[in-house]
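Here is a short report on one chain.

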Amino acid sequence: MTAKLLILDDDHDILLMLKTIFSGEEYELLLESDSEGALKRIIADRPNVAIMDISLPQKSGIEVLKEAKKIDPGLAVIMATGYKTTQNAIEAMKHGAFDYVTKPFDMNKLKGAVKKALECNLLSRKVRYTKERAQVEEDLTEDLMIGSSPEMIEIWKMVGTVADSDATVLIQGESGTGKELLARAIYNNSKRKNRPFLAVNCAALPEALLESELFGHEKGAFTDAHSRRIGKFEQCNGGTIFLDEIGEMSLANQGKFLRVLENQEFERVGGNETIKVDVRVIAATNRSLLNSVKEKSFRMDLFYRLRVVNFFLPPLKDRTEDIPLLVDLFVKKFSKKYGKNVKGVAPETMALLMTHQFEGNIRELKNVINSAVVFCRGDILVPGDFESFLTAKAGFKEVDLEAAGDDYYEVFWSMLEPVFDGICQKNKGAIYESVNMGLEKALIHMAMEKSNNNQVFAAKLLGISRNTLRDRLEKYRIGMAAEA
């Protein structure tokens, strides 16, 4: 599909000049000399990028910009002016302009700005950064990152700028803000998008298992290492690796990881052969790495090597204008998943969701919508569908594992309380057995996934024998995995 470029300027000579300049490019040009005509074009033709003059006869360019962004928040607007005032630039960027250029135009710079604006627009549409429900794609098989808040617009601009580079990226943000989704957005728009993308949670595996997971091991490197294992860095050669919760990595593994970042080389555990790779690293953390550096639990040289490009994902409470977009996405996703015909949420429901403090961020909102859709009896979600989830003492909030104790009572209480009534209705007389079986199956399945379907590692992670693990895999019909 050809990209559409709208040019709004009341000077016909400039329109003619820009038409000549961009006619050689692969754009469908939409030329307008008056503001109302330009706004109608935006409604009818949905251009990707617009170049707008600030000084217009009927309405100022800033007013047109504000109206245009209401019509299509994803439109990338480049404001142009002959008056080089700081206030114009501030106003333009404050109201959502992608860029600000001055006349007389430097044509190479203008072409570059249009190209970058187009990349940002295509990226934002791809990840559904728009308020237009009609434009939301119906492919709901995977989670996608969306947002039209000013904070998210800046993030999309950054993604468009850095995606094609090989620069190491550090993503910081609270749990549940979508750090892996942002990493995938960077990957999907990079030149490595046709190469592997692998994700590893550094907090989910013990130190020795994490080292083997990342770098692999040789046969006989340790007990139960019955054959050579190829690690994630080697598997990911040419692609992108996402390391979540990087702050949980041990100092010993940090040193080995630093060598990969600096030289793109490492040795497998128990091996002497130096493996050369070409891997882009995206790391994420929900804690302050700077504090970890001060506490000497994280290497300073690794910290500065990681944050070549630094993203900060704001919590959901700081981008509440994105809640309607997320609600719409999750309602469609779970309605389709459960074969229901839930069309949306009532206005009073949306007001309830907009004022709720989602301490678990997007993950909590997703869980709340999931549960509401499961128990909804109509085709519109009403406040009553959310009462038990939003008013529960702990709800789906993130749990402090340090303070939770060793028996995880508080953790499971907080998980069960919001859905307990529903479980009771669904499993009358068999709650104990159903919940216990569900928990055990989830633990077994998760351990297998975290161990890359390696039964030896999964059994060690769970603290059970391999025979017991095999028995549970068969009992719950979890695919029998390849052995180490």
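The sections below describe the fold, the aromatic pairs, a helix and a nonpolar patch.

## Model and overall make-up

This is a predicted model: local features need pLDDT of at least 70, side-chain atom pairs count only at pLDDT 80 or more, and totals for chains, interfaces and linings use all residues. Residues are numbered from 1 along each chain as its sequence is written, and side-chain values use heavy atoms, without hydrogens and water.

The chain holds 21 helices and 14 strands. These are DSSP runs numbered from the N terminus: helices are H or I with at least four residues, strands E with at least two. Of the 484 residues, 49% are buried (under 20% relative accessible area; exposed is over 50%, partly exposed in between; 1.4 Å probe, protein chains only). Take contacts (heavy atoms within 4.5 Å) between residues at least 6 apart in sequence: 68% of them join residues at least 24 apart.

## Aromatic pairs

The whole structure contains nine aromatic pairs. Rings of Phe, Tyr and Trp (its six-membered ring) pair if their centres lie within 6.5 Å; planes under 30 degrees apart are stacked, over 60 edge-to-face, the rest tilted. Phe22 and Tyr27 pair edge-to-face, at 6.0 Å centre to centre and 65° between the planes. Both residues are buried.

Phe330 and Phe334 have ring centres 6.4 Å apart and planes at 40°, so this pair is tilted. The two sit four residues apart in helix H13 (residues 323-337), a separation of about one helical turn. Phe330 and Phe334 are buried. Elsewhere, ring pairs join Phe215, Phe233, Phe257 and Phe266 into a cluster.

## Helix H10

Helix H10 (residues 251-263) has 13 residues. Its first and last C-alpha are 18 Å apart, close to the 18 Å expected at 1.5 Å a residue (1.5 Å times one less than the number of residues). Gln264 follows H10 and has a positive phi, near 55°.

Buried residues of H10 include Phe257, Leu258, Val260 and Leu261. The buried residues of H10 pack against several elements, among them helix H8 (207-215), strand S8 (240-244) and helix H12 (300-306).

## Nonpolar patch

Which residues make the nonpolar surface patch of about 590 Å²? They are Tyr408, Phe412, Met415, Leu416, Phe420, Leu439 and Leu443. Helix H17 (409-416) and helix H19 (431-450) each give two or more residues. H17 gives the most, with three.

Phe412 lies in helix H17. At 33% relative accessibility, Phe412 counts as partly exposed.

Definitions and conventions: Patch = residues over 30% accessible without salt bridge, like charges linked within 9 Å, V, L, I, M, F, W, Y side chains within 5 Å. Areas by Shrake-Rupley, 256 points an atom, 1.4 Å probe, with all protein chains shown as cover. Salt bridge = Lys/Arg side-chain N within 4 Å of Asp/Glu carboxyl O.
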